Amino acid sequence: MSQFDLGGKVAIVTGGAGGIGRAYGRGLAGAGASVVLADIDADGAARAASELEAAGFAAAGVAVDVTSPDSTRAMARAATERFGGVDILVNNAALMAEIPPHPLAEMPLELWDRVLRVNLTGYLLCAQAVVPLMKERGGGKIVNQLSGGAYRPSGLYGVSKYAAGHLTAGLAAELGPLGINVNAIAPGAVETEAGLRASPESSPFREMLRSIVPLRGFDSAPPEDLVGTLLLLVSPAGQWITGQVIGVDGGWIMRL
């Protein structure tokens, strides 16, 4: 059996209606997992799941508000009722392009609270919803979506993603004895609708990336380029990896 085989596993991907979420869902399904695509856009999640089902994979789309404990628990129940449990959680839902460009020194408190509720508290609530189910199955894998922007000054978005990195380490330390691995992926610029809204092709940020990323000539990558790292972290191949943040960004951010 391949070390990357996910046959018999059940995965939840939040933000499953978006570009990265859909790519993650396809990758997990292709490796053999039954996939629940969860999103605040219930219709989008259902469409994305239908595409996987049409390709012969086991998938379901569910609505979730990651800021609501009741909603995240309902998401976990839906996965259990449909596929029998939860083995993998990918915390991918986050606000990025939707965040207005306010300086931190002038940040409206209501915006600060909203972004942290989604990008940080949402990760915690989803983890809390699935950990009891993972314990029943003898362990599991949690992967949090960070960003290379967590490691450079990037306003409120960067603050939320850096904090999610600390949450990743804390959960890894607590849940390791239960057989639950917790890691994170920190992408650079990704070629999705949200990514292009946040950083258009002509933006100074894109120009900067083209000049400094070691894999020269690239300022971004398709979401499919993140899938290999995800499969490593959620499969038997990554069993000895926990508490880590893996950058998938062409070498943009190098943390020594």
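Predicted model: local features only at pLDDT ≥ 70, side-chain atom pairs only at ≥ 80, totals over all residues.
Figure 1. Residues are numbered from 1 along each chain as its sequence is written, and side-chain values use heavy atoms, with hydrogens and water left out. Both partners belong to helix H3, three residues apart, or about one turn of the helix, where helices (H or I, at least four residues) and strands (E, at least two) are DSSP runs numbered from the N terminus. An α-helix has 3.6 residues a turn, so residues three or four places apart point the same way. Asp70 counts as exposed because its relative accessibility is 55%, whereas Arg73, at 41%, is partly exposed; the classes are buried under 20% relative accessible area, exposed over 50% and partly exposed in between (1.4 Å probe, protein chains only).

Figure 2. A search of the whole structure finds five salt bridges. In one of them, the side chains of Arg22 and Glu51 meet at 2.9 Å, N to O. This pair links distant parts of the chain, with Arg22 in helix H1 and Glu51 in helix H2 (residues 42–54), 29 residues apart. Arg22 is among the buried residues of H1, while Glu51 is partly exposed, with a relative accessible area of 45%. The side chains of Arg82 and Glu53 also meet in a salt bridge, at 3.2 Å, N to O. Here too distant parts of the chain are linked, Arg82 being in helix H3 and Glu53 in helix H2, 29 residues apart. Arg82 counts as partly exposed at 46% relative accessibility, and Glu53 counts as partly exposed at 38%.

**Figure 3. Helix H1 and its buried residues.** Helix H1 (residues 19–30) has 12 residues and reaches 17 Å from its first C-alpha to its last, close to the 16 Å expected at 1.5 Å a residue; the expected span is 1.5 Å times one less than the number of residues. Nine of the 12 residues are buried, so H1 is largely enclosed by the rest of the structure. The buried set consists of Ile20, Gly21, Arg22, Ala23, Tyr24, Gly25, Gly27, Leu28 and Ala29. Gly32, which follows H1, has a positive phi, near 110°.

Figure 4. One aromatic pair is found in a search of the whole structure, where rings of Phe, Tyr and Trp (its six-membered ring) pair if their centres lie within 6.5 Å, and planes under 30 degrees apart count as stacked, over 60 as edge-to-face and the rest as tilted. The ring centres of Tyr151 and Tyr162 are 6.0 Å apart and their planes are at 70°, so the pair is edge-to-face. Tyr151 lies in the loop between strand E5 (140–145) and helix H5 (155–175), and Tyr162 in helix H5, 11 residues apart. Tyr151 is partly exposed at 28% relative accessibility, whereas Tyr162 is exposed at 52%. Arg255 lies over the face of Tyr151, at 4.7 Å from the ring centre, a charge being placed over a ring if NZ of Lys or CZ of Arg is within 6 Å of the ring centre and within 35 degrees of the ring normal.

**Figure 5. The largest nonpolar core and Leu89.** The largest nonpolar core has 40 residues, and those with the most contacts inside it are Ile12, Leu89 and Ile142; such a core is a set of buried Ala, Val, Leu, Ile, Met, Phe, Trp, Tyr and Cys residues joined through side-chain atoms within 4.5 Å. Helix H4 (109–136) is one of the elements that each supply at least two residues of this core, and H4 gives the most, with 11 residues. Leu89 lies in strand E4 (residues 88–91) and counts as buried at 0% relative accessibility. Leaving aside neighbours within four places in sequence, the contacts of Leu89 include Ile12, Cys126, Val130 and Ile142, contact meaning heavy atoms within 4.5 Å.

How values were computed: Salt bridge = Lys/Arg side-chain N within 4 Å of Asp/Glu carboxyl O.
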